[in-house]
Amino acid sequence: MPQPANWSPLIHAVDDNGLFMIWLYNLPTWLFALLTMSGFVSLSLIGLRLIHRRLNAGTLATLIDNGTVGWFFSGVTVLYGLLLGLLTVATWTNYTQATALASQEAASLAVLYRDLAGYPLPERIQLQTQVRTYTRFIIEQSWPLQRQGFIHDGESAKLLDLQAPLMGFDPTNETAKILHQEAIRTFNSLVELRRLRAESISGSVPGVIWYVVLLGALLTVTFGYLFVVKSFWFHGLLVSLLGAVIGLLIFLIAALDHPYWGEVSVSPQAYELVLSKVMSSGVTSPKK
């Protein structure tokens, strides 16, 4: 796939499968869900087509007790359902943590902008303008790329542009020193939150867990083939429903797996509120 003009190789270093999967997250959510469910239903029916006639036409059908198979099937589905449930909770937790992380970063931007209101001119104008520019950059430039799984290189440059004059400021009195120390502390917190957000963009469920999930889905559907049902179409309906439920749950886990990718992702609303409510009036005057 074509690569954006400004992108970071961090995605490749942390998540080797990211570029392979990103096209799914660029699809509309309903289409992503439909493709996932349709894929599992289709594979379930294909497998049943290969097994059903051989199972019912042979002597094996007389040896199968649906009650015994059902007991084992219940155990398999319970264990597999528990695995999917735990994964769903884990991915939802990661999603809510990513949302909280964005809110904290936006709050740090608001606090830093307010702290800079106590700086003398012309430093106040310069620093507040750079904070406002950086916030707008996150909303307009970084966030669209995050939804494609990339990290915008320009964020680091914008932070460096802000860091140089902030660290170079020399307070002239004790009050200015206290305010400057608080601004530096907030800036350092902002840098840390930005780094955590960058890590969250490329973080995901480990590949070995996805292998277990897919293998578990295969085994669960295979157990559904072992029931003796004379009607292929009725058996196919049952297997299709099972495949659809498994596909729907796996879609949910996949959609929440990358909290900054695709339509089901963390929005930049917190940053937009800070930009419109805190930074809308331009340069803030010091409090009296």
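I began with the second largest cavity, which Gln-146, Ile-151, His-152, Glu-155, Arg-194, Arg-197, Ala-198 and Ile-201 line. For the search, run on a 1 Å grid over the protein atoms alone, I took a cavity as a set of points where a 1.4 Å probe fits but cannot get out, a pocket as an open set with protein on both sides within 12 Å along at least five of seven lines, and lining residues as those with an atom within 4 Å of a point.

I noted that this is a predicted model, in which local features need pLDDT of at least 70 and side-chain atom pairs count only at pLDDT 80 or more, while totals for chains, interfaces and linings use all residues. Residues are numbered from 1 along each chain as its sequence is written, and side-chain values use heavy atoms, with hydrogens and water left out.

By class I listed 3 nonpolar, 2 polar and 3 charged residues, with Ala, Val, Leu, Ile, Met, Phe, Trp, Tyr, Cys and Pro as nonpolar, Asp, Glu, Lys and Arg as charged, and the others, Gly among them, as polar.

I then looked up the salt bridges (a side-chain nitrogen of Lys or Arg within 4 Å of a carboxyl oxygen of Asp or Glu). The count comes to 6. Glu-155 and Arg-194 meet in one of them at 2.8 Å, N to O, and this pair links distant parts of the chain, with Glu-155 in helix H7 (residues 154-168) and Arg-194 in helix H8, 39 residues apart. Arg-197 also meets Glu-155, at 2.9 Å, N to O; Arg-197 lies in helix H8 and Glu-155 in helix H7, so this pair ties together parts that are 42 residues apart in sequence.

I checked burial next, with buried meaning under 20% relative accessible area, exposed over 50%, and partly exposed in between (1.4 Å probe, protein chains only). Glu-155 is buried at 2%, Arg-194 at 13% and Arg-197 at 1%. Glu-105, Glu-155, Arg-194 and Arg-197 are linked in a network of salt bridges.

Glu-199 and Arg-195 form a salt bridge at 2.4 Å, N to O, and both lie in helix H8, 4 residues apart, about one turn of the helix. Glu-199 is partly exposed at 43%, and Arg-195 counts as partly exposed at 36%. Glu-199 is also one of the residues lining the second largest pocket, whose volume is about 190 Å³. H5 supplies the largest share of that lining, 4 residues.

**Entry: the largest cavity**

I recorded a volume of about 60 Å³ for the largest cavity. Its lining includes Leu-24, Tyr-25, Phe-32 and Trp-261, and the lining residues divide into 8 nonpolar, 2 polar and 1 charged.

**Entry: a buried threonine**

Thr-135 has its place in helix H6 (residues 123-146) and is buried, with a relative accessible area of 0%. Not counting residues up to four places away in sequence, I found Thr-135 touching Leu-109, Tyr-271, Leu-275 and Met-279 (heavy atoms within 4.5 Å).

Note on methods: Grid points are joined across faces, edges and corners, and a volume is the space filled by probe spheres set on the points. Helices (H or I, at least four residues) and strands (E, at least two) are DSSP runs, numbered from the N terminus.
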